[in-house]
Amino acid sequence: MFGLRKKWVLMTTLAVLTFSGMALAQATAYINQVGYQTNDVKSLTLTGATGDPVEFVNSSGTTVLSVTPSNESNYSAADVNARLVDFSNLKIPGIYQVKQNGNMLRQDLKIADKAHENVLKAALKWYYYQRASMELTELYAGQYKRAAGHMDNNVSFHSSATGGSGTLNSPKGWYDAGDYGKYIVNSGITTYTLLALYEHYPQYFNSLKWNIPAEGSLPDLLAEIKYNLDWMLTMQASDGGVYHKLTTLLFPGDIMPNEDTETRYVIGKGTAATFDFAAVMAVAARVYKTANPSFAAQCLEAAKKAYSWGIQNPNVRFTNPLDVKTGEYGDSHFDDEKSFAAAELYVTTGDASYKISGASANIPNWADVGGLATYEKAINQTHFGTEGVDSLLKVAYILESRSNSGFGVVMGGHDFVWGSNAVAANQGIWLLHAYYITGDEKYYTAAVKVLDYLLGKNPLNMSFVTGYGTKTAKNPHHRPSTDDGIYEPVPGMVVGGPHTGGEDVGSETWQCSDYRTGKPATSYTDSHCSYATNEVAINWNAPFVYLAGAIEAINAGFKPDFAVFNSKNSLPQVRGFAAQPSSGPKLIFDGHRLLMKHNGKQYNLKGMQ
Ligand code: G3I
Ligand code: 9MR
């Protein structure tokens, strides 16, 4: 009797221990919540899981693939141990369950053709929602219709806007972010990124539409970009210099655009804004040349004038005047803006007097655009030699290597700054450029992992794009979303993302209680108070749009004309070679590439089809 009892106690204790052990190590799977492209690379991340096979179960309950995860390794930015699972071999569209040892890890894994087309269109459509000076009608905006705000046709010159007098007619353009300011520096990298996407994939974007009022017969992408270019052009003074921003003196409260009737000013004039403007206008001159030649000519003239002003005024720094509290976008290093403008003007005009040597190895952001010149140099080797290629690949190599362990993401601890999601997306663009110039699939695979990160495969287990994904931000710091009375925020917005800066943490009523975890990758709050982690901004959506757009276009069979990789639709649809000879070379399709195996060696058949 006693023996039996003892045995029971022992068994119960074991059961409790086992149960609590399982509870401690609860397995979680992190996926791209929007979906994976049918014929593309696919991966997910596990934490708290064993190394046992992961099963993918289709809607009929059949396990269609079983994959052994990688060994566990640590991702220090979130302080988690993670395993990676590559399920690229799953190539049948559908919704799948993800299981391990029969335990359900996810039920929302989606595989589809054009998996990112809808989120891409939504992220592009957001620029329409950000348009100043026009009413958003129900026809285009649906429930997000709103009255026009900020006509900006009679804007005062602040005393810092040197040389300006009277008032300026400066309508149109996109609101920068959750606030209603219009800032040239941030418009610079944003507008460039969208122009580059069109320039790299013109055929794809000539037919992609997302229900916006498009000017004339322009493709939607060019029409949307022109709405901001038209505003930017108004910000150039007659001497060629460009004003820094157009805002109120203070940030408005949580009101709709039409309710913000405070005086708006043209503020500052400086070297960063002027060179950024020159670069963007030089690219626009190429991109609109066929669709709207007179506009393209106007852009080129504006670019040249701005560049000359920058050369003559190489060090005019903007800082907020004492009475101005809106976004500063202050910068004191101008070499990067200068090399960006010079590279673009050289490519547009062919005039070698614009040539400047040296290439930046920094991932681009609004304050450091040297990397944008690096892109132009790397893809135009006849103009620039190999310096762009060298810088690009040096960085791409490091980024790619990070994506193969830990959480399977590219973001390292130092990348988590205000707007960290834009850092991620810009890393993705960098990797895509490495793919363009080398054709090496590993860079493409890493870029896809960046897209996965932004859409849910991250330690917060959320999609960073409003309205897209199983779990997304509901309370972004975005005045219209806060004030429009609609529960769901405006869709298609990329929120800033995690970091430990905590600039919005404090005791004032409008500040956040401390949401920081001590780890950069998880220091985030989906709260309206959090302008440091949960605001939205045009320069954060743009690199996401480029990344999702390029990956969609590549999957649809397009490629930039300068890229050396084979377009995906030129690959033969080979699913096994049943009738191959039993000896001699063998052709293998690994799901992504056509390979030849012979005498124990493997050959990539790129360029041979
Ligand atoms: O330059 C320093 C660098 O030397 C230092 O190592 C680093 C350490 O954190 O900080 C760098 O400064 C950062 C600066 O951006 C430049 O990158 C600041 O910490 C950081 O607070 C600052 O954040 C900017 C923020 O405005 C505050 O000025 C964001 O990049 C920028 O995206 C954001 O932009 C705002 C606009 O002002 C207004 N509209 C909304 C928009 C988005 O929140
Ligand atoms: O709403 C503002 C946001 O757009 C800016 O990015 C942010 C940082 O400059 O500032 C926000 O405005 C806050 C201001 O700085 C302090 N008072 C509260 C404002 C919003 O809650």
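## Second largest pocket

Helix α4 makes the greatest contribution to the lining of the second largest pocket, with three residues; helices are DSSP runs (H or I, at least four residues) numbered from the N terminus. A pocket here is an open set of points on a 1 Å grid over the protein atoms alone, with protein on both sides within 12 Å along at least five of seven lines, and lining residues have an atom within 4 Å of a point. The volume of this pocket is about 370 Å³. Its lining comprises 18 residues, of which E199, H200, P202, D561 and F562 are the closest to its centre. Because domain 2 (143–352) and domain 3 (357–609) both give residues to the lining, the second largest pocket lies between them; the domain bounds come from an automatic or database assignment.

## Basis of the model

The model is predicted, with local features requiring pLDDT of at least 70 and side-chain atom pairs pLDDT 80 or more, while totals for chains, interfaces and linings use all residues. Residues are numbered from 1 along each chain as its sequence is written, chains are lettered from A and ligands numbered from 1 in the order written, and side-chain values use heavy atoms, without hydrogens and water.

## Largest pocket

The largest pocket has a volume of about 970 Å³. Among its 40 lining residues, Y329, W418, Y531, E535 and W540 are the closest to the centre. Helix α13 supplies the largest share of this lining, four residues. Since domain 2 (143–352) and domain 3 (357–609) both contribute to the lining, the largest pocket also lies between them.

Definitions and conventions
On a 1 Å grid over the protein atoms alone, a cavity is a set of points where a 1.4 Å probe fits but cannot get out, and a pocket is an open set with protein on both sides within 12 Å along at least five of seven lines; lining residues have an atom within 4 Å of a point. Grid points are joined across faces, edges and corners, and a volume is the space filled by probe spheres set on the points. Helices (H or I, at least four residues) and strands (E, at least two) are DSSP runs, numbered from the N terminus.
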